[in-house]
Amino acid sequence: MGGLEMGWTFYNATGQRLQTSATVLATQAEMETGTALTSFVTPGRTQYHPGVAKAWCHIAADGTITGSADYEDAYNIASITDTGTGDRTVVWDTDFSQTTYTVVSSWGDNTVAGYASFLTYATGSVRIIIAANAGGNADAPTGQAAYGDQ
């Protein structure tokens, strides 16, 4: 384990001091396995935990990422390719280590009943089809989050 001395003070809900320092900084391997119970985690290591989304975005009906110039509604997204009605490919900034990661989606349009389906999982991208219950594909806003090892 590491030997980095951390000078933090921790308190419980009643204000009782619990610990004033520790000597273990969580490693990437500990974050990936989620096994360490006494290590400290820095913001730069949080991304390695399996329960943290590795990428996410909100895509508008026109196939573009929503947001403003100051804050785009995305993380770890290189690009979105809109290849047709309800057909999009999301390209990751940082590739996944294998193609068995998970993508979840939320449907953001009450005017089109349907669902998102993930057709092609590649380490560097995922292809999303937005299917309308009435038949065919539909352009509708969706939100996506991806989980897995990178």
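Mentor: Gladly! Let us start with Ala146, which touches Ala53, Lys54, Ala55, Trp92, Phe96, Thr102 and Val103, leaving out residues up to four places away in sequence. Keep in mind that this is a predicted model.

Trainee: What makes Ala146 count as buried?

Mentor: Buried means under 20% relative accessible area. Ala146 has 0% relative accessibility, so Ala146 counts as buried. Ala146 has its place in strand E10.

Trainee: How far apart are Ala146 and Phe96 in sequence and in space?

Mentor: They are 50 residues apart in sequence, and their C-alpha atoms are 9.6 Å apart in space. Contact is judged differently, by heavy atoms within 4.5 Å. Phe96 is among the residues that Ala146 touches.

Trainee: Why is Asn76 called buried?

Mentor: Asn76 has 10% relative accessibility. The cut-off for buried is under 20%, so Asn76 counts as buried. Asn76 lies in the loop between E4 and E5. The phi of Asn76 is near 60°, a positive value in a residue other than glycine.

Trainee: And why is Thr42 called partly exposed?

Mentor: Partly exposed covers the range between buried, under 20%, and exposed, over 50%. Thr42 has 23% relative accessibility, so Thr42 counts as partly exposed. Thr42 sits in the loop between helix H1 (28–33) and helix H2 (43–46).

Trainee: What share of the protein chain is buried?

Mentor: Of the 150 residues in the protein chain, 31% are buried. The protein chain exposes about 8500 Å², and carbon and sulfur atoms supply 51% of that area.

Trainee: Which elements make up the chain, and how do they follow one another?

Mentor: The protein chain has 2 helices and 10 strands. Starting at the N terminus, the elements run β-β-α-α-β-β-β-β-β-β-β-β.

Trainee: How do you know that E7 and E10 pair?

Mentor: Two strands pair if there are at least two bridges between them. E7 and strand E10 (residues 142–147) have 6 bridges and run in the antiparallel sense, so by that cut-off they pair. Thr102 stands opposite Tyr147 in E10.

Trainee: What makes E4 and E7 edge strands?

Mentor: Picture the open sheet of 4 strands, with the order E4-E3-E10-E7 and antiparallel pairing. Strand E4 (74–75) and strand E7 (102–107) each pair on one side only, and that is what is meant by edge strands here.

Trainee: How many bridges join E8 to E9, and what links the two strands?

Mentor: Strand E8 (residues 114–122) and strand E9 (residues 125–132) run antiparallel and are joined by 8 bridges. With the cut-off at two bridges, they count as paired. A hairpin with 2 residues leads from E8 to E9. Ser117 has Ile129 in E9 as its bridge partner.

Trainee: What about E5 and E6, how do you know that they pair?

Mentor: Strand E5 (residues 77–84) and strand E6 (residues 87–92) pair over 6 bridges in the antiparallel sense, and the cut-off asks for at least two. Thr81 has Thr89 in E6 as its bridge partner. Their hairpin has 2 residues between the strands, and Gly86 there takes a positive phi near 65°.

Trainee: Where is Asp93, and which residues does Asp93 contact?

Mentor: Asp93 is in the loop between E6 and E7. Apart from neighbours within four places in sequence, Asp93 is in contact with Asn76, Ile77 and Ala78, where contact means heavy atoms within 4.5 Å.

Trainee: Which residues lie nearest the centre of the largest pocket?

Mentor: They are Gln47, Tyr48, Lys54, Gly148 and Gln150, out of a lining of 13 residues. The pocket has a volume of about 220 Å³. The lining divides into 4 nonpolar, 6 polar and 3 charged residues.

Methods. Residues numbered from 1 in each chain as written. Predicted model: local features only at pLDDT ≥ 70, side-chain atom pairs only at ≥ 80, totals over all residues. Heavy atoms only, no water. Buried < 20%, exposed > 50% of the residue type's maximum accessible area, 1.4 Å probe, protein only. Areas by Shrake-Rupley, 256 points an atom, 1.4 Å probe, with all protein chains shown as cover. 1 Å grid on protein atoms, 1.4 Å probe; cavity = no way out; pocket = protein on both sides within 12 Å on 5 of 7 lines; lining within 4 Å. Points joined across faces, edges and corners; volume = space filled by probe spheres on them. Nonpolar A, V, L, I, M, F, W, Y, C, P; charged D, E, K, R; others polar.
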